Amino acid sequence: MRQLIGLIPLIPLLSSVCLMLLGSRLPRLWIGLLGVGSVGLAALLTGLTAVDFLANPEPFQLTLWVWMQVGNFAPGVAFYFDGLTLVMMSVITGVGFLIHLFSTEFMEEDKSYARYFAYLNMFVAAMLILVMADNLLLLYLGWEGVGVCSYLLVGFWYQNSANGQAARKAFIVTRIGDTAMALGLFLLFSELGTLNIQALGVAANETWQVGDKLPLIACLLLLAGAVGKSAQLPLHTWLPDAMAGPTPVSALIHAATMVTAGVYLIARTHELYLLAPIAMIAVALVGLTTSLMAAFTALTQRDIKRILAYSTISQIGYMFLALGVGAWSAGVFHLMTHAFFKALLFLGSGAIIHCLHHEHDIFKMGGLRTRMPVTFWSFMIGSAALAALPMTSGFFSKDQILLQAYQVDGIGPWLWLGGLLGALLTAIYSFRLVFVVFFGKANTEPDRDTGWRMALPLSLLCALALFGGWIMLPVAEVFPVASGLHPAHWVEYVSIAVPVVGVVIAYLVFYSGQLPVDGLLNRPSMQSLQRFWHSGWGLDALYDRLFVRPYYALAALLKGEPVDAVYGLIVAINQTLNGWLAEGQSGQMRRYLISMVFGLIVVLAILLGVF
Amino acid sequence: MDGLNIPLSHILLVSSLLFAVGMLGLMMRRNIIFILMSLEVMLNSTALAFVAAGAHWGQPDGQIVFMLILSVAAAEVAVGLGLVLQIQRRFKSLDMDNANRMQG
Amino acid sequence: MLMINLILILLIGGLLAMLSQRYGSHVPRMVALAVVLLDLVYLLLALSGMPELTGLQAPVPGDPQTWLMHYRAEWIPAFGISFEFALDGISLLMVLLTLVLGVVAVSSSWTDVNIKQGFFEANLLWTLAGVLGVFMALDLFLFFLFWEVMLIPMYFLIAIWGHEQRAYAAMKFFIFTQASGLLMLVSVLTLATIHQSNTGIWSFSYFDLLNTQMAAQTAYWLMLGFFVAFVVKLPGFPFHTWLPDAHTQAPTAGSVILAGVLLKTGAYGLIRFAVPLFPEASMEFAPIALWLGAAGVVYGAVLAFAQTDFKRLVAYSSVSHMGFVLLGVYAWNQLALQGAVMQMVAHGFSTAALFMIAGSLQERLHTRDMCEMGGLWHNMPRMGAVAMFFIVASLGLPGLGNFVAEFLVLLGLFQVDPWLTMIAALGLITGAAYSLLLMQRSFQGEPNISRQLNDFGTREMLTMALMMVALIGLGLYPQPVLDMAQPVLNGLLQFSATVVGGQL
Amino acid sequence: MNLSQMQALMPLLILSLTAVVLMIQASIKRDQATAWVITAIGLVLTIWGAIYARDFSQTVTILLTVDSWGLFFSSLMALAALVTLLLSRESFADEGQRKEEYYLLLVLSLLGALVLIQSSHMVSLLLGMELMGVALYVMIAFPEKGELPVEAAIKYLVLSACASVILLYGFALLYAATGELSYAGLGAKAGAAYAQNPLLILAGTGMVISGIGFKLSLVPFHMWTPDVYQGAPTPVTGYLATVSKGAVFVALTRMYLDGQLYQYPSLINALVVIAIASMLIGNLLALQQNNIKRLLAYSSIAHLGYLLVVLIALTGKGLASDAVTYYLTAYVLTSLAAFAVIARVSGEDATQCQISAYEGLFWRDKVQAICLTVALLSLAGIPLTAGFIGKFYVITVGVQSSLWALLAAVVVGSAIAIYYYLRIIFAMSKVPADAVEHQAYPGRVLALFLTLLVFALGSWPEPFINYATGL
């Protein structure tokens, strides 16, 4: 059984290759079957493996072949399987399967159906490799692989060059992080002499003390990679634009799986982070600020997908916060639950967009409650979980995070407060979405409700979003156990109450309108503040000024090839000299005579030692 | 003839002066005839130098070379004058500065 | 003997191709293809006949007997010049690369040559012959001979079948390489002269000239002579400016050979001659070389980003990629060197493919200007997919050859100079920038529906498939290549270590 | 004057005999065909004679030294004259029937060259040089119409006469200083004379060098070269480029060695300056030249500069003297090959001398084009051609006597040179827009033969190197 895990990434990969090679010739049904079936099969295998693993939870390692061997640098194409891997794999294959299924209906009319599933399958394969890798190099392979797939899928509708822009932005911004991460790998290898994750943990503990400089640098470099992939400050700007891709893609890549890779990376290498407390704090702070920034921004967006995008950023911020405070399992737990409800929300929005002929602006929707019941309920549940209303899956995970954040000595309470503020905002914007879209009067008519291929995944995800909180993660022996003692009860109550308050506010403001905020919002100061938030805190513009434009300017400057000018100069000199000398050849004999006599004089001068 | 034994250096001086004169003429005159004449002057200056040197060393070689020079001069001038005719015919002038069809 | 035959087959084949013109303009290309394939098969058969090939033992730089093959015949005894050929792992790799890309080149120029096909194929084959000579000649005189002679057919390829500015490009290419070659000639002759005055016997044999005793100052100057010649060919910053013009103006096959193989001769020269002949001097010089390499990586990437001409962009990307080779060589440790060798092979394939795509675009659109392209995916999905593959390859996607190369180089470089590694790593980001821009401008964006373009045909797809498989192979299981180069590099490292007593 | 001496002088005698026969033939019946045949036979016999005389190498009187080295060059020059003869046949086809004199002049000037090559005495040098020169003036002016030949001839006459005078005056000064006219004697006495009166010696050698520098067209005595090359009928240009320069350089080498001129450092300095100037200025002048004959004139300036490098390193038998032999041979053969093609393609038509006239030659006449290409590559010093081995020698010699400044000039010069040689090759490889009509030029065999020599000399030099060292 365990030898079979090699197949799990292989199956989607193969089907993806098949689709690429002969996709154009296959009938749509086959394409659908191949695309969905492969992932389904992968999910099935994962399930079997899970059963087998839970029976006796013994991590194991499977080496397929040695990738490259140069001296003592010998990373293998090898998988490592433990609880964490299992969680990630089940999320990827499970949620992935549902999203594939959803896509078959969503992408129905699209010409390049096959290309879509080819990319999507390749993505699943790459993501699986990422989480199963037993060494950082193979992980890096998956890491870059998902990056490319995301690039391909964001730019899937290549005819519109705006999508291409978004795709390139996504890839290049994350590439910045990846490069930092690569440097981290170099550092780790040249210091510890291996890239095998387990071995790294051991070696690091042997060679380094807590608080050393090298582990700090290494962790920060890895963090940079994670930040890029997971769209955290300061490298988050690509994710909102990445919404240009088909909505199921956003659901799978930019909500459920790829963007959480950063979380996975840090959780995976937690042994290193434990050696670098400062790095941990950095992680926590990055997470917190990101979550707040994104939450504020989400409040002011009008595009349904961008709202969800920012909320994703903010939720991943929570996960980082969790990792930063050492709540490893809580972070991973939130990763999972978030995968459920955010996928649900995205698919829901996808359904809306699909049925509202590609309408994105929430204020152009409204009153969909009755017309699209399935979607409505899924959105309800999704938002509830997102807002972490009690008993929903989101509640359990977020609650754990907040509590453990509170316990961090020193800055703990402040982290907790920040988290609370975030939770409040989350509740507000998520229910703003619900109220604006589904209640009130209808602005546009949906041409139909969802078909079963959309409804089934939605309903299944609903179940998960509701009850996912009861799942027990088998990550006990992966992470060091968090401190068991519980903070004062009022802390818990507050953490539970805050989201509810948020929902109430949202209700008052966006539904019943009993809380008139328009006057407040229309103040110039507030206007500009809103604009500031809406622009994602002006970071895009800032980067544009700081990096993009200067780079273009530099390129334009160098286009003329200054180096070549030097050689051009040499040529010019030769030509002018030639010109002068040719002038001398005037054809007049007396000149020739004069030059002879001149030569004679020079020769005599040299000989007689005049010079 | 011990009355006049002029030191070699003096004669060489004279001959070099002659040489210089000829060379100046060569550089200054534009008429081909005069140019050829200047050449003659230079040749003779060398001849003088040889003769003097021969006398200085008491060898006949100097005079022999002198005769050779005479014959060489004759040959050169013979061809030269032949060409002068051609030039007169084709350029309609003896001014060498006009003979600059080839340049660059 | 084998090695000479390899060259002779190509030379004679070239003649045949030229003569075969009279039987129709389509005959020469078939002849050419046959000849290259024959050469390739001949080599492979010969190799399969050698049991000790696997592992290739451990060739000691100074001792030809330990090499895979060695052939020596007197040529000009008066100066100790001989036909000395030898083959070790690296040369073998390069020879294989040359022949495979030779096949690609012939195929890539299958349809787009419409004048003097015979002479064209002849020049192609002769260039290949010259390159093989460069890779196998171990007599410095002979090496220099091939080094210079291979340029002439290349010159004709550019000058006769090139594009608008072929005259300028060909001239620039020839003068750059020749002028730098003169410096190398002076160095070679000086080296031989010193050896002669030391030992009293004339010899140009690599094996005799290794560890020739000379003053440090002299060694430094001689090393510079070699270095310049090789770096011009590599091309390294700031001697690269001939390359964009040559590549842009050359016909497709020319670009393929130029980028795929000719540039590698420079890298090969550095590994084989420049460093081993003057280890101390190279050690002294290494920091400068490394900086030049890093500068090349970044500079090339930025300029590639600035281009609007498809081929020119790819050309500058070569500058950037070969910068990694320079880094790898002068970092001079196992990882980096392996990376450099890897890069030589991988870049050969990826860039050759991109040039071939550029060629087919030019053939169909009659322009290389990307502003006039866009949305070509719609018209030619197959070509688009292929282009996408090679573009992600050239931006260093893990799992493809170029990644292994660049990663190893940087990993090795990090042991030597972490800060420089960071600068060089910028190349990964900028690389992504220009590669994706290329894709965006040409294949994505608003398609021009009215355009009627025929997509890649079977011949093109087969050629491309060949290179794709190669790159994937290199990316997922590079071990065969690494194993071939390993013993050679170990030998070199030990050798230099014994001379200079340690790292470069 | 005993028999063996006569045998030693065989080539000279044969040539003189040919001249006499020609005159007699002309006086009996004017017929240029016969004259041509007689000359041809005479030249072939001269080559034979040169080989025959090797067994009798000796000094004949004080004036001439017959040694295998000189004899080799004698045969080479005779070969060059033979090529000139072959080229001349077509060249003046339109020149009416009065051509016997031309052949006579050719023979005489070759006679001068051979004397020059074997001269060991200032007088024989003078005689040889003048005999060669005077005949050459007439050969240059030989075409009956057109202004250029006459202009070229008169310029050459005046200037070279002036140069000869300078040379002579130098001799006079040396004679005055030492009382010797033979190189050997000069070398023997010069040291002492220098001690008591350096002025005369230095001034003398200086003037000698200047005079010879003119004949070799070294900068700054080079300015006549392009005009004369351009004005003269192409075969004569070839003759001038090969025989006259070659012979003079051989003579210079003899004088330099026997006269032990290498012992005056200030003279070496002067030569270094001249050499560097020649290499750089010669190549620069050729850079944008469009008339192929002028272009070769300039390139010849540079090549003589390279040769001078070897001369500077020369101190007796050894690598350097081999270098002289090899480079000179390579240069002569290459130039002959080039002019063999140019004489056919350009003929005597001034407009046909433009590079533009060579466009598409590859597709018009492959053989001629390939010959010219090889010749040009050889001049540029690309491997597999004689020119490369020549350059190889130059650089090696330069390295051995560590003449770094000169080597730098060689490198820079060659780098510049590549450009203008390539311009011609590019023009030839141009594919004309309209369909190419095949236009075969005569005399392919000759061009091919010379090209093969150049190629063989460059790709299998061993035999010749051994032969040269044996000389």
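The legends below describe close-up views of a predicted model.

Residues are numbered from 1 along each chain as its sequence is written, and chains are lettered from A and ligands numbered from 1 in the order in which they are written. Because the model is predicted, local features need pLDDT of at least 70 and side-chain atom pairs count only at pLDDT 80 or more, while totals for chains, interfaces and linings use all residues.

**View 1. Helices H14 and H18 of chain A cross at roughly 40°.** The axes of H14(A) (residues 304-324) and H18(A) (residues 393-407) come within 9 Å. Helices (H or I, at least four residues) and strands (E, at least two) are DSSP runs, numbered from the N terminus. Axes are lines fitted to C-alpha atoms, for helices over the stretch in contact, with angles running from 0 to 180 degrees between N-to-C directions. H14(A) and H18(A) are therefore oblique to each other; angles under 35 degrees count as roughly parallel, over 145 as roughly antiparallel, 65 to 115 as roughly perpendicular and the rest as oblique.

**View 2. Residues of H14(A) meet residues of H18(A).** On the H14(A) side are A:Tyr318, A:Leu321 and A:Ala322, and on the H18(A) side are A:Lys398, A:Ile401 and A:Ala405. By class, this contact has 5 nonpolar, no polar and 1 charged residues. Ala, Val, Leu, Ile, Met, Phe, Trp, Tyr, Cys and Pro count as nonpolar, Asp, Glu, Lys and Arg as charged, and the others, Gly among them, as polar.

**View 3. Chain A touches chain C through 38 residues, which are in contact with 40 residues of chain C.** Two residues are in contact if their C-beta atoms, placed from the backbone, lie within 7 Å. Among the 5 pairs of chains that touch, chains A and C have the most contacts. The side of chain A that touches chain C divides into 23 nonpolar, 9 polar and 6 charged residues.

**View 4. Chain B has 3 helices and 0 strands.** Read along the sequence, chain B follows the pattern α-α-α. Along its principal axes, the C-alpha trace of chain B spans about 55 × 25 × 25 Å. No contact joins chain B and chain C, whose closest C-alpha atoms lie 23 Å apart.
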